[in-house]
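Please take a first look at the sequence and the structure shown here. A short report follows.

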Amino acid sequence: MELPPEANAQTVNALVRREWGRLLSSLIGSLRDFQLAEDSLQDALESALIHWQRSGLPRSPSGWLLQTARRKAIDRIRRNKNFERKSAEYAALITMEQDAPEPPEDHSIPDERLRLIFTCCHPALEEKSRIALTLRTLGGLTTREIARAFLDKEEAMAQRLVRAKQKIAAAGIPYVVPDAEALPERLASVLGVLYLIFNEGYAATSGDTYLRHSLCEEAIRLARILHALQPGEPEIMGLLALMLLHDSRRSARSNMEGHMIALEDQDRRLWHADQIAEGIELVEQALALGHAGPYQLQAAISAVHAEAPSLEATRWEEIVGLYDIFLQQQPNPVVRLNRAVAVSFAHSAEAALTELSSLNSELAGYQPFHAALADCLRRSGLLKEAQAEYGRAIELSGNPREREYLALRISKM
Amino acid sequence: MKYLALIYAATNAGPAYGTPEFGEFMKGYETATQRYRADKVLIAGEGLKPTSTATTVRVRNGKTETMDGPFAETKETLGGFYLLDCANLDEAIKYAAMIPSAKFGCVEVRPVMEY
């Protein structure tokens with residue numbers, strides 16, 4: 001099959017996007033070297049663009065890429081002056097080449113992505129590096145794309161990635177799925193990274209809107225992969241559900257001018273029903289497993305909102321109950337703040353004010369606290385006090401859209 | 001891979017000498033050392049006398065200069081070390097977490113250079 005050049009580049013790019021993580025995870029497994037694996041796969045892609053244009057798509061494009069990348073790795077190891085250090089991997093590659101001269105079938109390529117994600121999210125790496133490395137190696141995003149999403153210079157992001165890969169090699173971070181003892185803590189780190197990627201896109205304080213949303217999509221895609229690799233792990237299901245439920249509101253969260261719209265003012269007909277259905281099903285399955293963790297509880301709360309036809313018709317008592325369980329697990333002031341807001345709708349704004357006043361010292365510099373306090377004061381008819389609190393919230397906000405929204409609240413009073 | 005576990009703690013942190021807690025603390029070190037030995041990862045391990053006994057040495061223009069005290073005046077000081085031979089960083093972290101001083105101070109895990 002002959003392919004026109006532009007179609008070929010598109011085919012290769014689409015394939016790369018889909019298969020990058022799996023191919024790279026397999027290569028790292030045999031090469032034990034992140035940088036060498038990435039460079040060799042990059043070499044293979046360049047070859048693919050030339051060869052496929054000339055001879056058409058091979059029968060197993062992924063298998064072709066993997067075999068070519070292994071051959072490129074052999075070349076790279078031979079050329080390297082530290083040849084001896086890689087002699088074991090080199091010998092293994094040669095054996096692999098002799099045993100299977102044909103490219104492997106696509107479906108027979110070993111999937112090592114679980115090992116890869118645990119390594120990329122290792123707590124011995126700096127948090128931002130974990131995010132960048134996960135997006136680069138598992139997501140197949142380019143360094144430029146990652147830099148743009150995080151408003152960093154491409155050069156700085158490239159250096160960060162190189163340093164992270166060097167630390168993995170030099171400090172001996174293993175390429176393994178952690179043992180049962182270490183798994184809960186390490187899984188928490190992986191889920192934390194995925195949620196940070198999602199929030200980087202979702203909380204969009206600045207930057208390219210299109211790229212921002214692609215971060216949300218990427219986080220969801222990676223969570224799906226993780227869910228498929230580690231099925232039945234309730235917190236993975238909880239996180240995936242949480243992200244789907246949040247993302248289902250993306251079209252209703254801002255208007256044409258990019259102004260943010262609060263949950264209570266959103267046009268619920270714009271919420272994406274398919275994502276809601278999937279999110280609810282996932283969180284129900286997860287909770288049925290009987291180990292309710294923080295992601296599942298947040299997803300459950302989000303699910304109650306998603307099911308409600310309006311703010312008034314929301315089952316607020318249920319939300320307060322979910323926050324009570326959440327508070328038992330994580331007794332922190334931010335969860336108490338969110339619970340107080342739920343109380344304001346379940347019972348009254350006055351009841352919520354009592355709870356909010358006890359948080360004053362702990363959350364004095366926290367913008368959402370002052371915004372919530374202002375709302376409850378306004379709804380209790382204490383307009384003068386409300387105005388002062390909206391003022392505090394505006395002072396503390398780093399987001400121009402949010403400041404506009406709060407100013408609108410004052411003018412509407 | 002070899003890893004050096006550097007044990008840092010503030011001088012007055014941790015249980016005071018002569019208290020039952022101090023006894024527990026020292027027993028914790030014994031238990032850790034025994035475990036390292038049993039798992040065949042222990043190469044060396046020592047506790048250090050306080051920084052008030054330290055002398056810092058520099059050679060400048062061929063001349064040896066000595067100074068009283070540690071290289072850097074910090075709240076948390078180096079109090080001891082273990083040199084461990086582990087399969088990877090995860091194993092080194094697991095063993096480092098068994099060091100009793102990690103509960104109030106911290107342990108820096110550094111891979112040893114290989115030539």
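## Chain B: order of elements

Along the sequence, chain B reads β-α-β-β-β-β-α-β. That gives two helices and six strands. Helices (H or I, at least four residues) and strands (E, at least two) are DSSP runs, numbered from the N terminus.

This is a predicted model: local features need pLDDT of at least 70, side-chain atom pairs count only at pLDDT 80 or more, and totals for chains, interfaces and linings use all residues. Residues are numbered from 1 along each chain as its sequence is written, while chains are lettered from A and ligands numbered from 1 in the order in which they are written.

## Chain B: extent and burial

The C-alpha atoms of chain B fill a box of roughly 45 × 45 × 20 Å along the principal axes. Chain B has 115 residues, and 17% of them count as buried. A residue is buried if 20 or more other C-beta atoms lie within 10 Å of its own, exposed if 12 or fewer, and partly exposed in between; C-beta atoms are placed from the backbone.

Strand S2(B) covers residues 42–47. How many of its six residues are buried? The count is zero. S2(B) runs antiparallel to strand S5 (residues 76–85) of chain B, and five bridges join them. Strands pair if DSSP finds at least two bridges between them. B:Leu42 has B:Leu84 in S5(B) as its bridge partner.

## Chain A: a helical chain

Chain A has 19 helices and zero strands. Its C-alpha trace spans about 80 × 50 × 35 Å along the principal axes. Of its 413 residues, 38% are buried.

## Two helices of chain A

Helix H11 (residues 234–247) and helix H12 (residues 273–288) of chain A pack at about 155°, with axes 8 Å apart. Axes are lines fitted to C-alpha atoms, for helices over the stretch in contact, and angles run from 0 to 180 degrees between N-to-C directions. H11(A) is therefore roughly antiparallel to H12(A), a term for angles over 145 degrees.

The contact includes A:Leu240 and A:Leu244 of H11(A), and A:Leu282 and A:Val283 of H12(A). Residues are in contact if their C-beta atoms, placed from the backbone, lie within 7 Å. By class, this contact has 10 nonpolar, four polar and two charged residues. Ala, Val, Leu, Ile, Met, Phe, Trp, Tyr, Cys and Pro count as nonpolar, Asp, Glu, Lys and Arg as charged, and the others, Gly among them, as polar.

## Where the chains meet

Eight residues from chain A and five residues from chain B form the contact. The chain A side has seven nonpolar, one polar and no charged residues.

Terms used:
Two residues are in contact if their C-beta atoms, placed from the backbone, lie within 7 Å. Angles under 35 degrees count as roughly parallel, over 145 as roughly antiparallel, 65 to 115 as roughly perpendicular and the rest as oblique.
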